[in-house]
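This report examines how two protein chains meet in one model. The sequence and structure are shown below.

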Number of protein chains: 2
Amino acid sequence: MKVAYKIWLDHYGKAFGEGPHELLARVERTNSLHRAAHQMGMSYSKAWKLIQTIEKRLGFVLLDKKIGGPSGGGSHLTPKAKELMKRYGRFEKDIGKAIEKIYQKHFGSMKEKAWE
Amino acid sequence: MKVAYKIWLDHYGKAFGEGPHELLARVERTNSLHRAAHQMGMSYSKAWKLIQTIEKRLGFVLLDKKIGGPSGGGSHLTPKAKELMKRYGRFEKDIGKAIEKIYQKHFGSMKEKAWE
């Protein structure tokens, strides 16, 4: 037996969670929403719509998009997106630890077969 | 903004969570899986299948069913089901408190509009 969970930030709908966190981390590494989406097996249009939706729910812009130019354009995280990523990463880590600890506290001593 | 989550016990699939917890609590109050299912807007056959599935995943029996007899039959929680209910209730309460606290720790100071 194990504990499982899904957690997200909500503001009139899902505003931020594991999926967007991974997508933005990949944008940060690749400087490209195209590449980030592709790595996650997501279409560009789906990724683009996701960003639009969560920007609206979060109340701030996540990506600076540069079209063309000498460095060939690309997507970069705004300072606010970087702050959100930093906070969310720590939040997620703390949550994981706390949930496992609370699970062990209450179910660590269960003696049934499925718990072994 | 707020934090939202779903949490469950997993053993080769969802083994126990909020839905089964509520269903069993209602069986405990009404001594009837029929009435418990009805109160939750669930068909009896769906509730019955749910119980069968989670009993298999948990590895023990949840309900004692008595057919007919002087007290008219009904469903009662087994001692193991009662123990699970007690543990799960405390687990759920601790989880809720911990998640809210961790959310406040990391996002309580966010200054964006959606966080106000």
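How much area do chain A and chain B bury between them, and what part of it is on carbon and sulfur atoms?

## Basis of the model

This is a predicted model, in which local features need pLDDT of at least 70, side-chain atom pairs count only at pLDDT 80 or more, and totals for chains, interfaces and linings use all residues. Residues are numbered from 1 along each chain as its sequence is written, chains are lettered from A and ligands numbered from 1 in the order in which they are written, and side-chain values use heavy atoms, with hydrogens and water left out.

## Extent of the interface

Chain A and chain B bury about 3400 Å² between them, with 70% of it on carbon and sulfur atoms; buried area is the accessible area (1.4 Å probe) lost by two parts on being put together, summed over both. In chain A, the residues that lose the most area to chain B are R87(A), H106(A) and F107(A), together 17% of what that side buries.

Contact (heavy atoms within 4.5 Å) involves 37 residues from chain A and 37 residues from chain B.

## Salt bridges

Two salt bridges are counted between chain A and chain B, each defined as a side-chain nitrogen of Lys or Arg within 4 Å of a carboxyl oxygen of Asp or Glu. K105(A) forms a salt bridge with D94(B), where the closest N and O atoms are 2.7 Å apart.
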